[in-house]
Amino acid sequence: MGSAIKFVQGNEACVEGALYAGLDFYAGYPITPSTEVAELLSERLPVKGGKFIQMEDEIASICAIIGASLTGHKVMTATSGPGFSLMQEALGYAVMAEIPCVIVNVQRGGPSTGNPTHVSQGDVMQCRWGTHGDHAIVALTASNHQDVFRMTVEAFNIAETYRTPVVLLFDEVVGHMREKLVLPAPGNIPLVERLRTSVRAGVDYHPYLPREDGRLPMSDFGDVHRFNVTGLYHDMWGFPSDKPDVVYGLLRHLVDKIENNGHQMAHYKAHYLEDARDVLISYGAAARSALHTVINLRNRGQRIGLLELQTLWPFPKQVIQEYTHRARLIGVVELNMGQVAGMVRASIDNPERVALINRIDGVLISARDIKSTLRIIQGRGV
Amino acid sequence: MAIKDYLRERFLPHIWCPGCGHGIVLNSLIRAVEQLGMSKNEIVMVSGIGCSSRISGYVDFHTLHTIHGRALAFATGVKMSKPELNVIVPMGDGDALSIGGNHFIHAARRNIGMTAIVMNNRIYGMTGGQYSPLSGTGTRATTAPYLNVDQAFDVAELAKASGATFVARSTTYHANQMTDIIKQAIVHEGFSVVEVLSQCPTYFGRKNKMGGAVEMMNWYKDHTVPVGSPKKKKDPTLIERGIFVQKDLPEYCSEYDKIIQRAQKQKEND
Amino acid sequence: MAKQKLKEHRINREWCKGCGICVEFCPKKVLELDRQGKAVAARLEDCIACRMCEIRCPDLAIEVETEAQSEE
C-alpha cells in the first residue's frame, strides 16, 4: 500500500483528498497548472473501479461531471483561469439545479492566456460572480498541502451537505510546489455521504423539497423516482415554472441555504492573533509568505498576526470582524489588485485601516516584499 | 403499456405550435419505447435548449433538461457513470450542430452508447425564427432578411465522418419509419444518430412560403427517397431517408471497463 | 396479419390544436375540423383503422382502439 507520508505537489495532495472523500468520476481537460490532477486521476481512478474521461473541452468536462453526479457519484473536475471562464454557465446550472460537484481552479496569470506557469490569485471575484444571476457560491482555498488535502475533503462534504457545487481556488505555487503530506487513515476525517430519499417507489418524490433539517434528499437516475432536472426556474418537482412566488421562493432558497450557513463553512487559521495590533489577512500561496513575515516580525517584538482565510466564499465577514476590531493596521496580502482587500473594507468598521499588500507580476510575494511594504505604510521607509 | 403511460400527462397540451413536427417526433419516440418494452426507470432523456429540447418535460422517464448545446456532454457523464442506463438525447439542429457541434463530433468519435435524435426544423424556433446552420442558402429567417448565404451541411455525413456507428434519417411524414429507426437506434450498442426532418410551420414554413404543417409534410414526402434509390441519381437534390450506417464497433463504456481491468491487474503486479 | 376492426375512435379536444394533419392524411377522409377548429371523426363508418391519424398527430390527441379480427 505504501507509506502514509508522501512528498508531493499540491495538485497531488488535492487528488489524495478527493480520493479519500470518495471521488469516483472525473472528467477534465488539460490546462496548466492543473493538468497533474487529471493525469494522476487517469491513473488512480480505474484502479479503484472509478471512471476518468478526458473530454473535448472544459465546458464538456463540467457538464459531464454534473451528469455523473445525478447517477449518484461524487465528482470533480480541475482547470485554471481560461477553463474556469468557460465553465461559468454550467457552474450556474449546477447551482440552479442543486447538484453536488467539486470544481478545482488552480489559478494562474490572467486575464486571457496570461501566464500558464506563473502564479496569481486573480479569479476570486470571478469565482463569486462569474456565472450570471443572483446566486451564492462556496469557495475554499489552502496555503499548504495538508490543508489542500483537508479542504478538498471538506469541499466534497459541503457539496453533499448543501447540494451545491463547491470551488477549490488553489494557485500555481501551491499546485506545483512539493511538500510533505501525511495521509490520514480512513475514518480520521468524517465524510458526508450522498443523502438519498427514503420516499418509497410509487410515492411522490419532490427533488427540491428540503427536509426539516434543511437537507435535500436526492434520488439517483435509474432508481425508482423519475423527475425532471432543469436550469429553468422550477417548482419542488423540478418542473419549469414562472409563477412569481415560485421564482422568489427558489432564488431565496438557493442563496439562503449557503449564506445563512456561512458560519458553518467559514474555515480559517489564526496565527499569533491573540494580542495582535497589526493584522495581516491572506490566503493561498501568499499566506505562506505572510506567515513568514509574521514569525519574523514577532521575533523582533512586533505584535503582528495573520488571519489565514481558507473559505473565500461565502465571505467570512464575521471572522474578519472578530479578528480585526482591535487592529490598527490591516494588511491584506494577495496576488491580485485587491479582490479580497475590497471585501475586507466592505466588511468592517473603519475600513481606512486596510492596506493592500500585493504583487501582480507573476512572482510570489515574498516576506521581504511584505515587510518593506509594511514599513512604507508605517512611514518608516524600506 | 399504452402510449400515454410514457407521458407526463399533466403537462399536456404541450407548448409546441399547432402542426409542429416535434409533436410527431414525441409520438414516434414513445411508440418506439413501448414497442421495445423498455422500463421507464432505465431511460434517461437528456435534452438541450430550444423547442426540440422541451420534449424531455413531457415524457415519464428520468429527464435532464440542460444548457444550450451541451446535452451530449451531460449525457456522456450520465452514461459513463452508469452504463446500464439507456440514454436518449433529443436536440434541435442548432442545439446539436451549431453550439453543440463540438460535443456532437466527440460523442460520435467515442462511439459512446446513446441515441442522439436531431430534430431538424432548419430554424431556431424558440427564439423566434433565426436561421440555423441547417437552414441552407436562399432561405429567409429573422436574421437572414435578405436571404441566407450560409451553406448547410449533411448531418448524416458529419455523423458518419465523426465515427457514429448508427446513422439514419427520417421525416415526420414517415412516422412509422421514424418509429422503426428510433427502435433500431436505441437497440444499437454505440453512438446512434437519428436525424428527423421536422416541420416548423410558424417560422421556417411561413418565412419561406412553404405553407402550413400539411404542405411541409407533403414536401417531405415528395422530396425524400429511400437510401440507395435510383431517383437520387436523376435528381441530386432529393434527400435520402433510411439507415446510412449500421456497424458493430467497440462501445466506449465497455472499452473503459477494459481499462479498469488493465489498471487493476497492473496494480496487482506492482 | 390480422385485419384491424375499429372499436372506438377518441379525440382529446383539450390536446387537439386543430393542425389538420389527421384530416389531410386520412386515406378515407374520415376526419374534418369542426367549427371550434378541433378534429372530429365525421365519417367513422369509413374508417379502416389504419391508425395514421393517431400515429401522425403532433398533439397525441387521437386514440384508435381496435378489435383484432382474424382473416381465417
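Predicted model: local features only at pLDDT ≥ 70, side-chain atom pairs only at ≥ 80, totals over all residues.

Colleague: Okay, so how many bridges link S9(B) and S10(B)?

Modeller: Strand S10 covers residues 239–246 of chain B, and S9(B) pairs with S10(B) in the parallel sense. One spot to look at is Pro226(B), which stands opposite Arg241(B) in S10(B). The cut-off is at least two bridges, and for S9(B) and S10(B) the count is three.

Colleague: Which strands sit at the edges of the open sheet of nine strands?

Modeller: Read the order along the sheet: S9(A)-S2(B)-S1(B)-S3(B)-S4(B)-S8(B)-S7(B)-S10(B)-S9(B), with mixed pairing. An edge strand here pairs on one side only. That gives S9 of chain A and S9 (224–226) of chain B.

Colleague: What is the bridge partner of Val229(A) in S2(B)?

Modeller: S9(A) and S2(B), which is residues 62–65 of chain B, run parallel and are joined by three bridges. Strands of a sheet pair through backbone hydrogen bonds, either parallel or antiparallel. Within S2(B), the partner of Val229(A) is Leu64(B).

Colleague: At about what angle does helix H6 of chain B run to S7(B)?

Modeller: H6(B), residues 175–187, lies across several strands of chain B, including S3 (86–92), S4 (114–120) and S8 (191–197). S7 (166–171) is another of the strands it lies across. Relative to S7(B), H6(B) runs at about 160°.

Colleague: Which element gives the most to the side of chain A that touches chain B?

Modeller: That contact takes 34 residues from chain A and 33 residues from chain B. Several elements of chain A each supply at least two residues, among them helix H2 (35–47), helix H3 (58–69) and strand S9 (228–230). By class, the chain A side has 21 nonpolar, eight polar and five charged residues. With eight residues, the top contributor is H3(A).

Colleague: And how many nonpolar residues are on the side of chain C that touches chain B?

Modeller: Here the contact takes 14 residues from chain C and 17 residues from chain B. Helices H1 (21–25) and H2 (52–56) of chain C each supply at least two residues of the chain C side. Two residues on that side are polar and five are charged, and the nonpolar ones number seven.

Colleague: Last one: what is the radius of gyration of chain A?

Modeller: Chain A has 14 helices and 15 strands. The globule rule gives 21 Å for 382 residues, and chain A comes close to that, so it is as compact as a globular protein of that length. Its radius of gyration is 21 Å.

Conventions:
Residues numbered from 1 in each chain as written. Chains lettered and ligands numbered in written order. Contact = placed C-beta atoms within 7 Å. Helix = DSSP H or I, 4+ residues; strand = E, 2+ residues; numbered from the N terminus. Nonpolar A, V, L, I, M, F, W, Y, C, P; charged D, E, K, R; others polar. Axes fitted to C-alpha atoms, helices over the stretch in contact; angles between N-to-C directions. Rg over C-alpha atoms; globule rule 2.2 N^0.38 Å.
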